[in-house]
Amino acid sequence: MRKQELLAVILVVVFSIGTVATVIIYKIATRDPQRIELLARAPEKGNWSPKTITVKSGEKITLVIKNVDTATHGFYLPAYNLVLTDIKAGEFREVTFTPRKKGQFNFLCSVWCSDYHMHMRGELIVE
Amino acid sequence: MKNFAYIIFLALVSFIFLGCEKKPELSGELVGDQRTIEIIAKRYAYTPEVINVNEGETVVLKLISDDVTHGFYLDGYEKGFFVHPGETKVMGFKANMAGRFSFRCSVTCGDFHPYMIGHLRVIPNNRYHAGIFLVVLLGIASIAWSCKKQRNNENKLFGVIPLDWRFELTKYKPIRKMFKSRWFPFIFILINFFIFMVILISSFVGSFSSGNYNFGVMITWVLWWVLLMTLFVPLIGRFWCMVCPFPLVGDWLQRGKLLAVGKHKSRGLNKKWPKKFRNLWPVTMILFVATFFSGFFTVKPFATFVLLSIIILGAIVIALIYEKRTFCLYVCPVSGFQGLYANFSAAEVRVKDPEVCALHQTKTCYTGNEQGYGCPWLELPFDLNRNTYCGMCMECFKSCSHDNMAFNIRPFGTDLLAERRRTDDVNNRRGLDEAFKSLTMIGILFAFFLTMQGPHGWLKDMVRVTNLHGYGLYLVGYTIFNFLLVPGLFFLVSYLSKLASGNKEVSLKQVFIDFSYCLIPIGIARWAAFSFGVILPNGSYLLNILSDPFSLGWNLFGTANFPWTPIFTGSIPYLQTITLLIGLAFSLEYGYKFARKIYADEKEAKRGWIPMLVFLVSLSVFFLWLFEG
């Protein structure tokens, strides 16, 4: 019975602390400088996050656009003619490209998402 | 006074029947056989909320969005389209199926997106009329049946199944061995502990996302709730209490052991719950107040996180202050209806042979021994005859030194007739607390259906607190409906029943309480009927969230991007009619048995039964109207 009790305690610890730890470790372990996470939210709910993305010219990057909002958004980067339309709530969308033009470029939401839709814009800085 | 009461009652009944029969106004413009209807979609309703067309017409819908991207999916016809703001989109179809169909938003548009619903009525609504016909027919058949009933049928369900029929599941050795193992049901509690850990984490990290793509919200309110209401409660009663992970930590702290048998006396303060509150009143009120926030819990991940955290912390704190499973018995919000409805379920934990218990002096099932704890639910297992407060924790199987416990399958609802045997047990009888639990569950469902599956945008705005004034109004209306209107009506019916019977001795309170138990079968049926409207449209989200529980971009089963797919939503009205009819059949069957118990002789019982029967039939018609009228 003592062994079984110990097993039960271990299971409870693994299931509670272990689950939390796994998620945190996974997040740290899968960090990749080439993959840039971009949260899409309506301006009154936090806007693009991060609002400014800095990348090096000539280096391939992958933007992972996560719509963590409750309405449909889109991603539009006019300078590179990149359009991802209809990114639905809860959806993750990826786009890979190599920025070569240097400068500061706006990216914006391409789907009317809220009364403040026009303010939903961010900046891509290519150095 | 007497005539006055009859008049009110008849007026109400005819009001329900006539109200359900109101001729609806047709929508849009008819040119030739083409009906063109403009629909404006705006968070979280369509204008018009209800569309009425004639069968056979060609319907052309023009959809316009007033705020964000919205969709439109029509149940039954299985047609859909979506529209961006600033566009107008057109969809046509031939209305060749009659009945009421829900149409719902198909593109996530905000928190309340799953509740953005409108109704299309294709007239004549034959399905609904057939439903009413069947309900009334069932009522008439029940009268005829009870008039014909032979004396020897009284202890049988529908005159066929003997009420004392039992099938002992634990007579099979492997099952009994499993029930006696300390790992059962502990292993299931552990699995649920893990699942709820994931729910907590996901509802916390995904706290700003939409609820329909959140693991916590979907598992709790779509999977768990629906399983609870359609399978667990109707079939096995308090099955969830058996495998619920929330008391795990509290039990551990009290006993000092997780799995093995540790201290029998709690290491906490071990106080006794006040006598006044040893009934269903506390849980009835806690659930009722919790439903004030139904506009948040089921749609916002963070609200789900807060609710679950409060319940988990509450369970731990109560376990440290009070004895044993006081939390489960008198505090847990979902304990009340599970306990009450468990009296209807087809499973029970009971003593095999009462004579063995009579000779057994030490009553280890109550005091505990080295094999198991004394009943954590504060029942006396050797004397158990009602399911309300039995949590099916299976400790008595372990602690009984004579192997005298049994897990039985039984005919539905036999506990509804059971009176608590022990006279000293003042807190475990049929009482007003249980009656009110039954009665408030009517109003809670009414409010839930209207906010979650109804077409009214103004009500949804009130519930999700767009302004405090509207929310306040909703709360006042909701409380009056639950605690005055419904119980008042039931009181009136009880009064009429007593009048009609001609019996002067029986107390009105007794009539009120005893008849309240015939609300249980239709109560369970109506909650199951409601749950079909939760799982079938929203079930496909489960595939998304199972593949990516923490919104980290995982795709464990390859279904993370599975599109929203309503499953057989056209069948919901049929399922609801069937479920309501089954519930009503049980209610009528048991109702007459209650009448026989309440009133002295058969003639009185028959006369006293009529008002209650009319009430039950009207109540079923009312819910039929709500679901499909």
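# Notebook: loops, rings and a spread-out chain

Entry 1. I started at B:Phe568, which sits in the loop between helix H21 (541–547) and helix H22 (572–598) of chain B. Helices (H or I, at least four residues) and strands (E, at least two) are DSSP runs, numbered from the N terminus. The model is predicted: local features need pLDDT of at least 70, side-chain atom pairs count only at pLDDT 80 or more, and totals for chains, interfaces and linings use all residues. Residues are numbered from 1 along each chain as its sequence is written, chains are lettered from A and ligands numbered from 1 in the order in which they are written, and side-chain values use heavy atoms, with hydrogens and water left out.

I looked up B:Phe568 for its backbone. Its phi is positive, about 50°, although the residue is not a glycine. Is B:Phe568 buried or exposed? It is exposed, at a relative accessible area of 62%. The cut-offs are under 20% relative accessible area for buried, over 50% for exposed and partly exposed in between (1.4 Å probe, protein chains only).

I then noted B:Leu378, not a glycine either, with a positive phi of about 60°. It lies in the loop between helix H14 (364–367) and H15 of chain B. B:Leu378 counts as partly exposed, at 24% relative accessibility. For context, most residues other than glycine have a negative phi, and most peptide bonds are trans.

**Entry 2. Cis peptides.** I checked omega next. The bond between A:Ser49 and A:Pro50 is cis, with omega about 0°. A:Pro50 belongs to the loop between strand E1 (35–40) and strand E2 (52–55) of chain A. In chain B, the peptide bond from B:Arg43 to B:Tyr44 is cis, with omega near -10°. I placed B:Tyr44 in the loop between strand E2 (34–42) and strand E3 (45–47) of chain B.

**Entry 3. A buried glutamate.** I went on to helix H15 (residues 395–399) of chain B, where B:Glu395 is found. B:Glu395 is buried, with 7% relative accessible area. What does B:Glu395 contact, leaving aside its neighbours within four places in sequence? I found B:Arg182, B:Arg255, B:Gly372, B:Tyr373 and B:Pro376. Contact means heavy atoms within 4.5 Å.

**Entry 4. Ring pairs.** I get 65 aromatic pairs over all chains. Rings of Phe, Tyr and Trp (its six-membered ring) pair if their centres lie within 6.5 Å; planes under 30 degrees apart count as stacked, over 60 as edge-to-face and the rest as tilted.

B:Phe344 and B:Phe412 make a stacked pair, 5.3 Å centre to centre with 25° between the planes. The pair links distant parts of the chain, 68 residues apart. B:Phe344 is in the loop between helix H12 (335–342) and strand E14 (347–351), and B:Phe412 is in the loop between strand E15 (405–409) and helix H16 (432–453), both of chain B. B:Phe344 is buried at 6% relative accessibility, whereas B:Phe412 is partly exposed at 26%.

The second pair I looked up is B:Tyr474 with B:Tyr478: the centres are 5.5 Å apart and the planes at 5°, so the pair is stacked. Both lie in helix H18 (residues 468–501) of chain B, four residues apart, about one turn of the helix. B:Tyr474 is buried at 8% relative accessible area. B:Tyr478 is buried at 5%.

I also logged two lysines over rings. A:Lys101 lies over the face of A:Tyr80, 5.4 Å from the ring centre. B:Lys363 lies over the face of B:Phe382, 4.6 Å from the ring centre. The test is NZ of Lys or CZ of Arg within 6 Å of the ring centre and within 35 degrees of the ring normal.

**Entry 5. Helix H12 of chain B.** How many residues of H12(B) are buried? Eight of the eight are, so the helix is largely enclosed by the rest of the structure. The buried set includes B:Phe337 and B:Tyr341. These two also belong to one aromatic cluster, with B:Trp221, B:Phe448 and B:Trp527 among the other members. Packing partners of the buried residues of H12(B) include helix H5 (215–236), H16 and helix H20 (519–538) of chain B.

**Entry 6. Chain A overall.** I counted one helix and eight strands in chain A. Its radius of gyration is 20 Å, well over the 14 Å that the globule rule gives for 127 residues, so chain A is more spread out than a compact globule. The radius is taken over C-alpha atoms, and the rule is 2.2 Å times the number of residues to the power 0.38. The C-alpha box is roughly 70 × 35 × 20 Å along the principal axes.

I noted 44% of the 127 residues of chain A as buried.
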